[in-house]
Amino acid sequence: MVQLTLRIDGMSCGMCESHVNDTIRQKFNVKKVTSSHKKGETVIVANQAIDSDKLKVAISETGYEVLDIKEEPYEKKGFSFLKK
């Protein structure tokens, strides 16, 4: 699994967060997506990597701008003591 953290410009309220989240859910196969207008970021968890260019285009079509995308392996939190 992979986690993508997007820095997004233009989100100013909870409705903006919902708009970005809905767009990502509709256009990409994701496990989880959360946005924060206060932090200016969206975090996506998916089984496979998502094409960065397609992600930028989808979000720009909603009126927001992706400033940066950071991709890293995703490890589920909790129960780490069981992973020995």
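This is a predicted model: local features need pLDDT of at least 70, side-chain atom pairs count only at pLDDT 80 or more; totals for chains, interfaces and linings use all residues.
The expected span of a helix is 1.5 Å times one less than its number of residues.

**Helix α1**

I took helix α1 (residues 14–27) and checked its span. Its 14 residues reach 20 Å from the first C-alpha to the last, close to the 20 Å expected.

Next I looked up which residues of α1 are buried. They are Cys16, Glu17, Val20, Asn21, Thr23 and Ile24. Looking down the axis of α1, I find these buried residues within an arc of 160°, so they line one face of the helix. The spacing makes sense to me: an α-helix has 3.6 residues a turn, so residues three or four places apart point the same way. Turning to the other side of α1, I note that Met15 and Gln26 are exposed.

What covers the buried residues of α1? I find β1, β2, β3 and α2 (52–60) among the covering elements.

I moved on to strand β3 (residues 41–46). Five of its six residues are buried, so the strand is largely enclosed by the rest of the structure.

I then followed its pairing. Strand β1 (residues 2–9) pairs with β3 in the antiparallel sense, over six bridges; Arg7 has Glu41 of β3 as its bridge partner. Strand β2 (residues 32–36) also runs antiparallel to β3, with five bridges joining them. Here I picked out Thr34, whose bridge partner in β3 is Val43.

Note on methods: Residues are numbered from 1 along each chain as its sequence is written. Side-chain values use heavy atoms; hydrogens and water are left out. Buried means under 20% relative accessible area, exposed over 50%, partly exposed in between (1.4 Å probe, protein chains only). Helices (H or I, at least four residues) and strands (E, at least two) are DSSP runs, numbered from the N terminus. Two strands pair if DSSP finds at least two bridges between them. The arc is that of the directions from the helix axis to the C-beta atoms. Contact means heavy atoms within 4.5 Å.
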